[in-house]
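Biologist: I would like to go through this model and ask what stands behind each label. Please set each value against its cut-off.

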Amino acid sequence: MRKLIKNGTIVSAENSLKADILIEGETIARVEPGLSCPDAEVIDAAGMVVLPGGIDPHVHINLPMMGTRSSDDYYTAGKAAAIGGTTCLIDFVAQDEGSLSENISRKLPEARGTASVDYGLHMNITRFSSQVLEELADLPGQGITSIKVFTAYNNRLRLGDGEIFQTMRAAARLGLLTLVHAENGDVIEVLTAEALEQGRTSPVWHARTRPAWGEVEASLRAVALAAQAEAPVYLVHMNVAGEVDQLAYGRAHGVRVMGETCPQYLFFTEQDLERPDGTKWLCSPPLRSPADQQGLWQGLENGTIQVLATDHCPFFYDGTKAIAYEDELVALPGKELGRGCFTRVPNGVPGVGDRLPVFWTHAVRSGRITPNQFAALTAANPARIFGLYPKKGCLKPGSDADIAIWDPEMRVNYGVGTAKHRTDYNLYEGWQLTGFPRQVFLRGEWIVRDGEWRGRAGMGQFLRRQRGEVI
Ligand code: URP
Ligand code: ZN
Ligand code: ZN
């Protein structure tokens, strides 16, 4: 059956428009004022903002870490995302034994039949060889058009500078975008050993052993390597003001560099790690200072930063106690594994469902970001950069009907009870939000109706991404 969304204000990256949307099957057929269609189901969006479904290009689903794994699977991550207005996720394939294609083949079954929103994959490159360079050529045909490399996690994930240079160069020739996790692995290794020797084991030492200057230096290194490799580059989870400066410097000098930040870096600081339950905020890279938050906000406001992602990587705070998720009791080892030492705390925070509502209240309502910038940062820009546009990220005839009908006046007492992440805590517990999605559609199907989950496991599709744009 056709659906007609009437009387709403359609907010895109470019403009805001009073118009109606006719959905036929999975896609948008028409976008015009005053549309009528006798056989369509009409959805009245009067007083509502109609947004493209959010795209979160940085999530970790089922990620193995420190003897456990991140606690959302492809069903629960998608459900949590959708409740918060996001309809598309991009996760990562770990590079383990075997070829890149074998690694992808091992990852895909986690999502097939389980995913509840659409999803794509980035490929991590963490073991360098000439063979791996050759295998990069297999990625575009499998719909994977971005790779991630690390300058940290020595002896585990990190590549050397020459290796990153060669990987970026080969990737660029194939139309692949290189994502960089930019921290200084050597300094982290030294400082961590020293902290442990001195018995400094509380959560805040996770941040103190990963200095902000390491990120400033490593992000400039990533930009400079990209310049030398004549490659585009994307800085993930930016959290330091000086990193934004490096991004601006690279862009001003013609380097094709883009970047993302995440809500946790805008709303929390290193001090949160000193709370009695500080492990809830422990992630890599860590939370920083108020001055860094200022720099990130400016980067979002003036367009230096292109994307608001989440780095969603949830763990239970206390995985010894089960929670009820739908009809099941679930418990997964979590942050309690690191009681007594920050080095054993699984790194990561939940956030995929929080991103849009928290940002709407504290960026759009507060007047820092326009609704159009909101649509750009959370949907259009990630779609363009990661090769999904205009199928995703906009509401145009021919686009997938991934739509969030957003009530800008809805008040929500937010927290773990509202968010549907499969974990036992929420970073924004007790926050009063204004603005929340009431209806969400995935390719024309109702997945959130009047705020209630209506999606199903298996309705999410794997997205074969095209080569992305440099914006
Ligand atoms: O703490 C985090 N963010 N864990 C995920 C790993 C990463 O580098 O993004
Ligand atoms: Zn990372
Ligand atoms: Zn990440």
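Modeller: Contact here means heavy atoms within 4.5 Å. By that rule Arg456 touches Tyr75, Ala115, Ser116 and Glu445, leaving out residues up to four places away in sequence. The model is predicted.

Biologist: Where is Arg456, and what makes Arg456 count as partly exposed?

Modeller: Arg456 sits in the segment after strand S23 (452-453). Buried means under 20% relative accessible area and exposed means over 50%, with partly exposed in between. Arg456 has 42% relative accessibility, so Arg456 counts as partly exposed. The C-alpha atoms of Arg456 and Tyr75 are 7.8 Å apart, although 381 residues separate the two along the chain.

Biologist: Why is Pro314 called buried?

Modeller: The relative accessible area of Pro314 is 0%, and the cut-off is under 20%, so Pro314 is buried. Pro314 belongs to the loop between strand S17 (307-308) and strand S18 (323-325). Its contacts, apart from neighbours within four places in sequence, are His60, Ser70, Ser71, Asp72, Val349 and Pro350. Between the C-alpha atoms of Pro314 and Lys280 there are 9.4 Å, and along the chain 34 residues.

Biologist: Next, the zinc ion (ligand 2). Which residues coordinate the zinc ion (ligand 2), and how do you know that they are donors?

Modeller: The coordinating atoms are NZ of Lys148, ND1 of His181 and NE2 of His237, at 2.1 to 2.2 Å. Water is not among the atoms, so a site may look incomplete. The donor residues follow the spacing K-x32-H-x55-H in sequence. The zinc ion (ligand 3) is 3.9 Å from the zinc ion (ligand 2).

Biologist: What makes Lys148 and His237 a link between parts of the chain?

Modeller: Lys148 lies in strand S13 (residues 146-150) and His237 in strand S15 (residues 233-238), so the pair ties together parts that are 89 residues apart in sequence.

Biologist: Are Lys148 and His237 buried or exposed?

Modeller: Lys148 has a relative accessible area of 3%, so Lys148 is buried. His237 has 1% relative accessibility, so His237 is buried too.

Biologist: Now the helices. Why are H11 and H12 called roughly antiparallel?

Modeller: Helix H11 (residues 355-365) and helix H12 (residues 371-385) pack at an angle of about 150°, and their axes are 11 Å apart. Angles over 145 degrees count as roughly antiparallel, so H11 and H12 are given that label. H11 passes H12 in a right-handed crossing. From H11, Arg355, Leu356, Phe359, Trp360 and Val364 meet Pro371, Phe374, Leu377 and Thr378 of H12. By class, this contact has 7 nonpolar, 1 polar and 1 charged residues.

Biologist: What makes H4 oblique to H7?

Modeller: Helix H4 (residues 161-173) packs against helix H7 (residues 212-229) at an angle of about 50°, with axes 9 Å apart. Roughly parallel needs under 35 degrees and roughly perpendicular needs 65 to 115, so H4 is oblique to H7. The crossing of H4 and H7 is right-handed. Asp161, Ile164, Phe165, Met168 and Arg169 in H4 meet residues of H7, among them Arg221, Leu225 and Gln228. The contact of H4 with H7 holds 7 nonpolar, 1 polar and 3 charged residues.

Biologist: How do you know that H7 is roughly parallel to H8?

Modeller: The angle between H7 and helix H8 (residues 241-252) is about 20°, with axes 8 Å apart. The cut-off is under 35 degrees, so H7 is roughly parallel to H8. Their crossing is right-handed.

Biologist: What makes Asn7 and Met66 stand out in the backbone?

Modeller: Most residues other than glycine have a negative phi. Phi of Asn7 is near 75°, a positive value, and Met66 has a positive phi of about 50°. Asn7 lies in the loop between strand S1 (3-6) and strand S2 (9-11). Met66 lies in the loop between strand S9 (64-65) and strand S10 (68-69).

Biologist: Which peptide bonds are cis?

Modeller: The bond from Ser284 to Pro285 is cis, with omega near -5°. The bond from Tyr389 to Pro390 is cis, with omega near 0°.

Key:
Residues numbered from 1 in each chain as written. Chains lettered and ligands numbered in written order. Predicted model: local features only at pLDDT ≥ 70, side-chain atom pairs only at ≥ 80, totals over all residues. Heavy atoms only, no water. Axes fitted to C-alpha atoms, helices over the stretch in contact; angles between N-to-C directions. Helix = DSSP H or I, 4+ residues; strand = E, 2+ residues; numbered from the N terminus. Left-handed = near helix turned anticlockwise from the far one by under 90°. Nonpolar A, V, L, I, M, F, W, Y, C, P; charged D, E, K, R; others polar. Donors = N, O, S within 2.8 Å, 3.2 Å for Na, K, Ca; no water. Buried < 20%, exposed > 50% of the residue type's maximum accessible area, 1.4 Å probe, protein only.
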